[in-house]
Amino acid sequence: MKMILTIFFIFSLLSLAHASVVDFCVADYNAPNGPAGYSCKPPSKVTVNDFVYHGLAAAGNTTNIIKAAVTTAIDAQFPGVNGLGISIARLDIAVGGVIPLHTHPGASEVLVVIKGTISAGFVSSDNVVYLKTLHKGDVMIFPQGLLHFQINVGGSNALTFNSFSSANPRLQILDYALFESDFPTKLITATTFIDPAVVKKLKSVLGGSG
């Protein structure tokens, strides 16, 4: 019993050591932004408006090559989420639209379908594909750092809201990393086995070079 109490006391100390010493850390956009996020705005300058965001009310512009739009409410736009380990985004996907394979290096993601029908999935580190068709009200999780995607497979526009376990989940889209960049075609071919002609065509479509 004494040993159990000792262990409990140690874990309690560790928990307290990691507890925040402030209620919040509203982003101060006038101060430098470092690896740990934005500096905290002085409490005397914090208002309720720092904790409210209106930017997700309107649909994003889906008249683009992927027929989709992502509107984010991360620390760069929503100062109240700074330091809290949370953020949110709105995803609009037109009929036939797609969010290509991408990763969020800094966060896991929870997606909830508000309207429409989408096919969504992710690939685990041992190359197992987890794929599901989602309808209104469905929720799906995408673990941190894993490649995942969403496609509108329905007959009407789709809308989802996506929450993240970080104030800045970051984003890397695989297609853009390869074909919108100056990654040399020869090296893309060598590392992906994609025909050079296909690589060049995709680079011309997405504006890449090399």
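Author: What follows is a short exchange about a predicted model, taking a disulfide and then a helix.

Reader: Why is the pair Cys-25 and Cys-40 called a disulfide?

Author: The S to S distance of Cys-25 and Cys-40 is 1.9 Å, and a disulfide requires the sulfur atoms to be within 2.5 Å, so the pair qualifies. By this rule the count comes to 1 disulfide.

Reader: What parts does the pair tie together?

Author: Cys-25 lies in the loop between α1 and β1, and Cys-40 in the loop between β2 and β3, so the link ties together parts that are 15 residues apart in sequence.

Reader: What makes Cys-25 count as buried, and why is Cys-40 called partly exposed?

Author: The relative accessibility of Cys-25 is 12%, and buried means under 20%, so Cys-25 counts as buried. For Cys-40 the relative accessible area is 43%, which falls between the 20% and 50% cut-offs, and therefore Cys-40 is partly exposed.

Reader: How do you know that the buried residues of α3 lie on the same side?

Author: In α3, residues 185-192, the buried residues include Thr-185, Ile-188 and Thr-189. They cover an arc of only 100° around the axis, which puts them on the same side of α3. An α-helix has 3.6 residues a turn, so residues three or four places apart point the same way.

Reader: Which helices do the buried residues of α3 pack against, and which residues are exposed on the other side?

Author: The buried residues pack against α2 (174-179) and α4 (196-206), whereas Lys-186, Ala-190 and Thr-191 are exposed on the other side of α3.

Notes:
Residues numbered from 1 in each chain as written. Predicted model: local features only at pLDDT ≥ 70, side-chain atom pairs only at ≥ 80, totals over all residues. Heavy atoms only, no water. Helix = DSSP H or I, 4+ residues; strand = E, 2+ residues; numbered from the N terminus. Buried < 20%, exposed > 50% of the residue type's maximum accessible area, 1.4 Å probe, protein only. Arc of directions from axis to C-beta. Contact = heavy atoms within 4.5 Å.
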